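This briefing goes through one protein chain by topic, from overall make-up to individual residues. Please read it alongside the sequence and the coordinates.

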Amino acid sequence: MMHTFRTKVFRSIFLSTALQAIYACPASAQVTQQISPENVSTYVHNYKTTSASDEDFSDLTAFGDAIGDARIVALAEQSHGASQEFDIKVRLLKYLHQKKGFDVLVIESGLFDMAELAKHMQAGEKLDDEAPGNVFYMYAKSAEGRKLLQYVDQTQKQARPLQFAGMDSQHTGKISQDTLVEKFTEYLRLNAPDALSSEEVQFYQQQTKAILKRFDQPYNIPDEAAQTRYFQIADKLSHTLCSKPETTNTGDQTGFWCRINQSMAAVAKGIWSNDSQRDQAMADNVIWLAEDVYAGKKIIIWGHAVHTFYDFAFDATHKNAGTVLRDHFKQQYYVVNTTAYAGSIRDFDSLKKVNIPAAPENSLEAILHHTGKTHSYVALEKNRNRTMSFTNVPARLFDFEYMPNISVNGLGQKYDAIFYYQDVEPVEMQR
């Protein structure tokens with residue numbers, strides 16, 4: 001199944017390799033301001049609730065001041081299965097949209113699938129209705145994830161509808177399985193008939209369809225000659241397609257198909273040679289969206305921390321998407337993380353409840369817990385010349401776990417703000 005594949009990739013590639021290098025990238029700040037249990041209250045702001053329905057945002061003023069004029073705010077999630085994490089992210093999304101001028105939401109789901117769903121919404125369809133099988137299932141099928149989709153639907157008839165797109169190079173939706181290749185072929189027939197020979201078109205179609213359907217049917221990796229040929233064809237298409245700027249995300253523009261072609265090539269490299277280019281392609285998709293499709297607009301990114309944190313690499317040659325975006329947009333890219341003192345989450349592979357490990361007494365979570373506040377946050381100013389650091393203070397980073405051999409907290413080094421809530425519960429799967 002799709003989620004089993006995703007989990008194997010995450011745990012085998014990320015946990016075995018990335019953790020060894022997670023703090024190998026240099027911190028972006030110049031001066032470190034140490035934070036300790038004694039002075040932490042100086043930097044902490046309290047907020048009322050994680051409830052996604054609470055739209056009195058007066059408790060988020062300090063957060064809004066901290067992000068300043070940042071153009072891209074990434075709402076990271078340690079887990080795809082934490083109720084309060086999704087809820088506070090929806091609340092922050094609403095705040096950014098309603099009070100801070102953010103007009104675009106880009107989520108961790110397929111670029112093509114989300115572009116098609118965006119067109120369906122323009123025609124009056126509901127995102128929440130069409131999400132199952134197309135949007136990442138933990139967003140489409142959990143009660144908390146659906147709050148995100150329902151808010152997008154709610155805004156569509158308002159004066160400032162929240163525009164919607166996907167960033168993922170990995171296409172797992174039914175829409176892409178059923179229509180991507182056919183629509184791409186039709187675009188080439190009408191707009192670039194000389195780009196490929198008929199035989200090249202047929203070969204590209206066959207290989208791309210097999211990649212898209214690999215989660216639902218047996219898949220055999222092609223031999224080396226076929227792989228080489230596929231990348232040669234992809235390069236020819238890139239030469240033809242990747243030259244014209246875009247103004248709309250309609251799915252029939254040259255730049256859109258440039259990104260689809262390069263996304264498919266990135267996925268093929270990951271499958272065929274374990275050379276994962278997924279995050280690089282994800283970042284390139286966001287850059288294209290930000291600079292061509294939504295030029296001048298403020299963007300919210302919704303995705304897992306492994307893709308959104310910055311100054312982080314999987315290995316010496318593979319940066320994650322957040323690092324590429326931080327390198328490109330500098331401090332216009334602002335990352336928000338969340339954490340909890342105790343509780344449990346839902347494992348997005350098994351869908352079973354998993355208790356998170358206890359917080360050590362010297363951890364970030366324990367320090368925040370001992371302030372006596374159940375909801376608090378620390379938000380660094382965007383244009384800062386120092387970083388706040390809990391040196392030698394462990395903190396939850398991914399799946400609400402404490403990673404071995406990591407002694408530096410990520411605040412100011414991997415993300416810019418942290419929202420703490422005392423207890424976390426698993427998301428409720430509804431469909």
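The term pLDDT stands for the predictor's confidence in each residue, on a scale from 0 to 100. The model discussed here is predicted; the mean pLDDT of the chain is 88, and 85% of its residues reach 70 or more. The chain has 431 residues, 58% of which count as buried, and its secondary structure comprises 15 helices and 13 strands.

**Confidence and overall make-up**

- Where pLDDT is low, the predicted coordinates should not be read in detail.
- When contacts between residues at least 6 apart in sequence are taken together, 81% of them join residues at least 24 apart.
- The chain has an accessible surface of about 17,100 Å², and carbon and sulfur atoms account for 48% of that area.

**The nonpolar core**

- In soluble globular proteins, nonpolar side chains tend to be buried together.
- In this model the largest nonpolar core has 135 residues, and the residues with the most contacts inside it are Phe63, Leu105, Val135, Ile301 and Tyr334.
- Helix 11 supplies the largest share of this core, with nine residues.
- Val135, one of the residues with the most contacts inside the core, is in contact with Ile107, Ser109, Met114, Leu117, Leu127, Ala140 and Leu149 when neighbours within four places in sequence are left aside.

- Helix 4 spans residues 111-122, and the 17 Å from its first C-alpha to its last is close to the 16 Å expected for its 12 residues at 1.5 Å a residue.
- Nine of the 12 residues of helix 4 are buried, so this helix is largely enclosed by the rest of the structure.
- The buried residues of helix 4 are Leu111, Phe112, Asp113, Met114, Ala115, Glu116, Leu117, Ala118 and Met121, and among them Met114 and Leu117 are in contact with Val135.
- Gly124, which follows helix 4, has a positive phi near 105°.
- Helix 12, at residues 278-293, should span 22 Å with its 16 residues at 1.5 Å a residue, and this agrees with the 21 Å between its end C-alpha atoms.
- Helix 12 is mostly covered, with 12 of its 16 residues buried; those buried include Arg278, Asp279 and Asn285 as well as Met282, Ile287, Trp288 and Leu289.

**The disulfide**

- The count for the chain comes to one disulfide, which joins Cys242 to Cys258 with an S to S distance of 2.0 Å.
- The pair links distant parts of the chain, 16 residues apart: Cys242 lies in the loop between helix 10 (224-241) and helix 11 (254-273), whereas Cys258 belongs to helix 11.
- The link of Cys242 and Cys258 is right-handed, with 105° about the S-S bond.
- Cys242 counts as partly exposed because its relative accessibility is 32%, while Cys258, at 8% relative accessibility, counts as buried.

- Thr42 lies in the loop between strand 1 (31-34) and strand 2 (45-46), and because its relative accessibility is 61%, Thr42 counts as exposed.
- The C-alpha atom of Thr42 is separated by 9.7 Å from that of Val378, although these two residues are 336 residues apart along the chain.
- Ala82 is found in the loop between strand 3 (72-77) and helix 3 (83-99), and at 0% relative accessibility Ala82 counts as buried.
- Not counting residues up to four places away in sequence, Ala82 touches Ile345, Phe400, Val424, Glu425 and Val427; the C-alpha atoms of Ala82 and Gly343, which are 261 residues apart along the chain, are separated by 9.6 Å.
- Glu200 has its place in helix 9, at residues 198-212, and is buried, with a relative accessible area of 15%.
- Beyond residues up to four places away in sequence, Glu200 touches Ile233 and Lys236.

Methods. Residues are numbered from 1 along each chain as its sequence is written. This is a predicted model: local features need pLDDT of at least 70, side-chain atom pairs count only at pLDDT 80 or more; totals for chains, interfaces and linings use all residues. Side-chain values use heavy atoms; hydrogens and water are left out. Helices (H or I, at least four residues) and strands (E, at least two) are DSSP runs, numbered from the N terminus. Buried means under 20% relative accessible area, exposed over 50%, partly exposed in between (1.4 Å probe, protein chains only). Contact means heavy atoms within 4.5 Å. Accessible areas come from the Shrake-Rupley method with a 1.4 Å probe; for residues, only the protein chains shown count as cover. The expected span of a helix is 1.5 Å times one less than its number of residues. A disulfide is a pair of cysteine sulfur atoms within 2.5 Å. A nonpolar core is a set of buried Ala, Val, Leu, Ile, Met, Phe, Trp, Tyr and Cys residues joined through side-chain atoms within 4.5 Å.
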